[in-house]
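Please look over the sequence and the structure below, and then follow the explanation that leads through them step by step.

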Amino acid sequence: MHQLHTLARDSRALAALAVPLALTQLAQVALTTTDTVMMGALGTEALAAGGLALVIFNQLRTMGVGLTTSVGNQIASAAARAELATTPGESAADAGDREVRGLVRAALAVATLAGLAGAVLMILIGQAATWLGQDATVADRAQHMLYALAPGLVPCLWFQAIRQFTVGMRRPHALLRITIVSVAVNAALNWAFIHGSLGLPALGLTGIGVATSSVHLLSLLALLAAARRDPQLAPLLSLAFWKADPKTVRKLLGLGTPIAATYGSEAGFFSTTALLAGTFGPAALAAHTAVNQLVYIVFQVSVGLSHAASINVSREITLGEYAAARRIRNTALACGAAVMAVVGALYLTLPDLVLRPYFDPNSATDQQGLAIATGLLAVVALLQFFDCAQNIGVGLLRGLDDTKSGFRLTLIGYWAVGLPASWLLAHPLDGETRGLWLGLLIGLATTAVLLLRRYEQALTARAEGRPAAVPAV
């Protein structure tokens, strides 16, 4: 009975963070989907150019987000130390508040540096697109859209830094409301800037970039306003990033750089498998794209669980509650497995319903792609368990401030095991697209095992008061 009570309490604590974060991630998927749909309405060339611009923007944005991701863990630890305050005068609570304010300033400094560097790099890549083998007309239109997207990178990363602050303080509730509203605002601004409605200039494809940058700025202002109204967050929110302590900035960069590299590595891993799928023809690539999008949508649930578990581990470790940190792992994995089981059952019982939005029933090529994709769903139903587990594993290690092990172990799982297995099963063993996805499954399973084993080793070492060993492979 006591164990059931403990499980219920741990599940509530995890869900309080995981549910709003997962729903926020899903709303962000809707944001990019809206952009893609509106690009498609402008024609194939616009879709190609806009898609190219978004790929460049999203790669740089994702790595910038990685640089600020550890902020939430550091703030959670500082807040937990403040809870231990027992002395009068400038107590541990006062010191904890000062630490949180310093972390917020440092996070905004990192976001500013990453946003400015990313914006310059984005424009340079756009100018070099023709040298990278892209069609000249497509590259020119993509370059104009990148000019419009570049100013939005700094407010986008500022939003992520403030988001990590609210999550670290375990008060993320405004995030979901703001993100949902941003989807509607983005759609309206897209339409207005594309067609010149509401007195705005008609900018066509470039208007989508202007709308996206505008939404990033408006979302940031909305989140700042919400934090200013929160009695717990407002006293700790310092925007004076120019006063950031260089030592704290270096610490965040030291923790965040491996996370950014991990995010970039994962994106590159899946991009490479897409290239491999394309070698089997348009139908195979279409099937791969459709199934990959399904995985990406469900992946947002594991992102929410990973962030929530990570923040809670940081707090419990600071409080010395190592048993609670171990329970967080078990609870997160159990919750993830439950969601993946429901989704997997849907894949297996209603494949036509799941895949129908991606394929035209009147196209012979699409019907061939549908048949391939249907065969992949059985593999994906199992794969997503490991995909969820490895993402939770990365978050758990981040909760221990161990971001380097996460990067090294994902490199092994993705590139040393997953990619060779995909190529071997797809080509020499003639598994084609199914073999490709079986290789992905093997890579993700390997990654999950390595990460979770490392977490157990590091947690045990912490509990026994000895240094964690270098991760064995």
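Are Asp402 and Arg454 buried or exposed? Both of them are buried, where buried means under 20% relative accessible area, exposed means over 50% and partly exposed lies in between, computed with a 1.4 Å probe on protein chains only. Before going further, note that this is a predicted model, in which local features need pLDDT of at least 70 and side-chain atom pairs count only at pLDDT 80 or more, while totals for chains, interfaces and linings use all residues. Residues are numbered from 1 along each chain as its sequence is written, and side-chain values use heavy atoms, with hydrogens and water left out.

Consider the chain as a whole. The C-alpha trace spans about 75 × 55 × 40 Å along its principal axes, and 52% of the 473 residues count as buried. Among contacts (heavy atoms within 4.5 Å) between residues at least 6 apart in sequence, 80% join residues at least 24 apart.

The interior comes next. A nonpolar core is a set of buried Ala, Val, Leu, Ile, Met, Phe, Trp, Tyr and Cys residues joined through side-chain atoms within 4.5 Å, and in the largest one, which has 122 residues, Met122, Phe165, Tyr347 and Trp437 touch the most other members. Leaving aside residues up to four places away in sequence, Met122 touches Ile56, Phe57, Leu60, Leu146, Leu149, Ala150 and Leu153. Trp437 is also among the residues touched by His288, which is found in helix H9 (residues 282-318) and is buried, with a relative accessible area of 2%.

Finally, turn to the charged pairs. A salt bridge is a side-chain nitrogen of Lys or Arg within 4 Å of a carboxyl oxygen of Asp or Glu, and by this rule the count comes to six. In one of them, the closest N and O atoms of Arg326 and Glu456 are 3.1 Å apart. Because Arg326 lies in helix H10 (residues 322-349) and Glu456 in helix H14 (residues 432-463), this pair ties together parts that are 130 residues apart in sequence. Arg329 also meets Glu456 in a salt bridge, at 2.6 Å from N to O. Arg329 lies in H10 as well, so this second pair ties together parts 127 residues apart in sequence.

The side chains of Asp402 and Arg454 meet in a salt bridge too, at 3.1 Å from N to O. Asp402 lies in the loop between helix H12 (364-399) and helix H13 (403-426) and Arg454 in helix H14, so the pair ties together parts 52 residues apart in sequence. Through shared partners, salt bridges join Arg326, Arg329 and Glu456 into one network.

Key: Helices (H or I, at least four residues) and strands (E, at least two) are DSSP runs, numbered from the N terminus.
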